[in-house]
Amino acid sequence: MRVPFRLVDVFAERPLAGNQLCVVPEPGDLDAAAMQAVAREIGFSETTFVTDASGDRYAMRIFTPDQELPFAGHPTIGTAFVMVNEGRVTSPLTQVVAAGEIPVVVDLERGYARMWQLPPVFDNEFPDREGIAVSAGLSVADLHEQLPPQVVSTGLRHLLAPVRDLARLRRAVRNSERLAKLAVDHRLDALYLFAITDEGATARMFDAAIGIGEDPATGSAAGPLGAYLAAHGAGGMPGRILVRQGEQVGRPSRLDVEVTAEGDRWRVIVGGGVFVVGSGAFEL
């Protein structure tokens, strides 16, 4: 069985930067176990499988090397771009995933896509600052003294943890054992450390439970970060900011985040550049 795939760099300002994605636009008869095995074989943070497509809609499944996800950011942006680029759907479009329906607009000429994320859900302020610090190889004094850690989700439970400055953020080291315990205790998907900058924010995502490690660009966390900053009146939000990520893992990334108020909720839009850098086929 021959299963074609595309290799895509997402939230990138040039090829071979940003976050890597494998898109399988026609998975054929692959079942969930086979999809998981393919995702493990390619070894990227996520691989997507388009299960249905027509007109201005498609449905897909998202797998990390270890598990299936209900939603993820760069898989949404990258898969939508591939589907429009190959004429399989039109833009604007709706992507259907386990978490819900995600509107996306693709600009092929610009090499860019934007997604409207689900309304952010805020937990109470996170109580265990010591647990965060140890999980990131930092001290409690390295965390921001005024802004509180907090879980904010638009589909995945990211713990947003503000750090006092960029130097401290760069010094962080993922402690996998302590982070795994923190994730189990509080049902977390990831720890998203960030420092506010003149542009907006620089961030690092330490995976807690989904088999990624440190992620170069995390759209599913950058959107909640924008909503968090808007809710706390920090970082020039609400409005538009630039979130930089991936420097520490050699994959510099740029995520454009826009947050505006809609009634008692925040509207979150996340966008970035996309480059299709390769193609091939699995022989299964």
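Phe 194 and Tyr 228 are both buried, where buried means under 20% relative accessible area with a 1.4 Å probe and protein chains only. This is a predicted model, in which local features need pLDDT of at least 70 and side-chain atom pairs count only at pLDDT 80 or more, while totals for chains, interfaces and linings use all residues. Residues are numbered from 1 along each chain as its sequence is written, and side-chain values use heavy atoms, with hydrogens and water left out.

**Aromatic pairs**
- Rings of Phe, Tyr and Trp (its six-membered ring) pair if their centres lie within 6.5 Å, with planes under 30 degrees apart counted as stacked, over 60 as edge-to-face and the rest as tilted; by this rule there are three aromatic pairs.
- Phe 49 and Phe 63 form an edge-to-face pair, at 5.7 Å centre to centre and 85° between the planes.
- Because Phe 49 lies in strand S3 (residues 46-54) and Phe 63 in strand S4 (residues 57-63), this pair ties together parts that are 14 residues apart in sequence; strands are DSSP runs of E with at least two residues, and helices are runs of H or I with at least four, numbered from the N terminus.
- Both Phe 49 and Phe 63 are buried.
- The ring centres of Phe 194 and Tyr 228 are 5.8 Å apart and their planes stand at 75°, so the pair is edge-to-face.
- This pair links distant parts of the chain, with Phe 194 in strand S12 (residues 190-196) and Tyr 228 in helix H6 (residues 219-232), 34 residues apart.

**Strand pairing**
- Strands pair if DSSP finds at least two bridges between them; S3 and S4 pair in the antiparallel sense over seven bridges.
- Strand S2 (residues 19-24) and S3 pair in the parallel sense over four bridges, and Phe 49 in S3 is the bridge partner of Val 24.

Note on methods:
Buried < 20%, exposed > 50% of the residue type's maximum accessible area, 1.4 Å probe, protein only.
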